[in-house]
Amino acid sequence: MQATTTASAIDIVAWFVYLLAAVMFVMGLHYMNSPKTARKGNFISAAGMVIAVVMAFVKLFVQHDLIHSWVAIGLLVAGIAVGAVAGVWSAKKVKMTDMPQLVSVFNTVGGGAAALVALNDILAAEGTPALVVLITAGLGVMIGSVTFTGSLIAAGKLQGIGWVKKLSLPGKSVWNVLFALLTVASLVMLCVMPGQRLLWSVLTTVFALCYGLVFVIPIGGADMPVVISILNACTGTAVAMSGLAIDNVALIVAGALVGSAGVTLSVLMSKAMNRPLLSVLAGGFGGSDGAAGSADGPEGTMKETSADDLAVQLVYADKVIFVPGFGLAQAQAQRELADLGELLKEHGVEVEYAIHPVAGRMPGHMNVLLAEANVPYEELVDLDDINPQFPSANVSLVVGANDVTNPAARKPGTPVSGMPILDVDKSQNVVVMKRGRGKGYAGIENELYFEPNTQMLFGDAKAGLQAVIAAVKELLA
Amino acid sequence: MPSLVISVTLFILALLIGIEVIGKVPATLHTPLMSGANSIHGIVIVGVVIVAAEADTPLSFVFIFLAAVLGTMNVVGGYVVTDRMLEMFKSDKKNEGGAK
């Protein structure tokens, strides 16, 4: 009798501690609304996590007979130690250009852990688990497994691992439908025939793992940001489902928060790319570019310029807007661009950076890359705020960005039509730094390059910017 | 089953809070937001501790060890890398100490 009272008391304490952790996660995300408070937010969220984990351990020691679960606790602690070392190591080592891969890897492990917890809950139950547990834990297994293999492939593609990129899937929709059906069928069987739950839960896991593969393999590399967001949402949902299965408020609330974050960001991204979310997920675009080739290319010739000419234009300008794209990051030239900006500002030129929502490989990626190069965040301006400013800019310098500056997006009938673009062409002069004459991801020529006020500077962005910096320094000397 | 009803209610309310809070995050911070949210789903580690209490078969021991490794890597790595990113966000007014 005494024991039961203690147990329920600790249950109530635990409930409120988990709730506190959940509140701290919400606060942490709330403080992310400004770069000034964001670091504090991350800290609050981490503190919430520590509180929740400590509570779980306290409950473990108070409620259970230690002798029986000694092995489990030893393995648990060892696992946490290994995971912590691996986590810190990878987080310290990663380059900022490789952030999307790392997020994807963390998704993989999070999804895997959620699937394991749910799977264990189904298998370890004594007697037949309740239908509710079967449904929620089954969903946790399913979603977690899909995220596991899906994120792994996504990370491989983003990392540019050759054989992962070359993977292709003939008849992709057939496989997609097949494995989706098999997964759902196994899940249903698991709920209908809980007597054979080992068989059906293993089948659900295997089919879901296969579905994760066939889901992500056909999707093109440039669509990966959306996919990562979606998979992030999936992991969150898997965690929430595991939370429902083991009846834990912290898992439910945290999972739901991550789920909504993932969905919100995916919707934002796909809007900025002008593609319905579903078409990204169906994996069209990236594979075939048949439609793109038929569009009429713009007429005219490109005018080339030199680093010296560009330096003159920049130095005598009142206002300059930089338009960085992922080409800048690929050339590792963020610091050069930041240095050039600093140099011009010291000379009294107004400098701003126009950031398109899909610049980079994940939402907000370009902002992180430029922050790393010490560009103050006030100078990074969103699409909506920078577009009215282009007409007053003497020079716009586009570095490694293509489709997001194509004025063809304003006309119907092209692959980029309707996509929100930066109105670079409205500035008085445009200089485009570009590696070669190749087309952008959408596979069409950029009309901007043929405008009378546009000049091209071909070559590597890093070397080109260094030449411009040297020329500017010479002019100012 | 009233406990499930409450749990599902919590889930849905938390979804709504999430959408509301996330919608206010500026585009500048979307990458740290994503990695921060990513570490939050590492809360699954709490689930691992809870199921560890009931583990008694070799299979579940394996599951617990693996899940603990994966979940902790997710949490710890996620928070560390998010902090690393946020530390870099500096304001223009250099004397005011940047992102803190």
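Reader: Where is A:Asp247 found in chain A?

Author: A:Asp247 sits in the loop between α9 and α10 (249–272) of chain A. Helices here are DSSP runs of H or I with at least four residues, strands are runs of E with at least two, and both are numbered from the N terminus. Before we go on, this is a predicted model, where local features need pLDDT of at least 70, side-chain atom pairs count only at pLDDT 80 or more, and totals for chains, interfaces and linings use all residues. Residues are numbered from 1 along each chain as its sequence is written, chains are lettered from A and ligands numbered from 1 in the order in which they are written, and side-chain values use heavy atoms, without hydrogens and water.

Reader: Happy with that! What is the phi of A:Asp247?

Author: The general idea comes first: most residues other than glycine have a negative phi. A:Asp247 has a positive phi of about 55°, although it is not a glycine. A:Asn374 also has a positive phi, near 70°, and lies in the loop between α16 (365–372) and β3 (380–382) of chain A.

Reader: Is A:Asn374 buried or exposed?

Author: Buried means under 20% relative accessible area, exposed over 50%, and partly exposed in between, using a 1.4 Å probe and protein chains only. A:Asn374 is exposed at 53%, while A:Asp247 is partly exposed at 42%.

Reader: Which helices do the buried residues of α8(A) pack against?

Author: Helix α8 covers residues 197–216 of chain A and reaches 28 Å from its first C-alpha to its last, close to the 28 Å expected at 1.5 Å a residue. That expected span is 1.5 Å times one less than the number of residues. An α-helix has 3.6 residues a turn, so residues three or four places apart point the same way. Among the buried residues of α8(A) are A:Trp200, A:Thr204, A:Phe207 and A:Ala208. The buried residues pack against α4 (99–124), α5 (131–159), α7 (172–192), α9 (224–246) and α11 (277–282) of chain A, with contact meaning heavy atoms within 4.5 Å.

Reader: And over in chain B, what is B:Ser60 in contact with?

Author: B:Ser60 lies in helix α4 (residues 58–88) of chain B and is buried at 3% relative accessibility. Leaving aside neighbours within four places in sequence, B:Ser60 touches A:Asn120 and B:Ala55.

Reader: What does UniProt place at residues 8–90 of chain B?

Author: An unreviewed UniProt entry gives "domain: NAD(P) transhydrogenase alpha subunit C-terminal" for that span; such annotations may be inferred rather than shown by experiment, and feature names are shortened. In the model, residues 8–90 of chain B are 81% helix and 0% strand, with end C-alpha atoms 41 Å apart.
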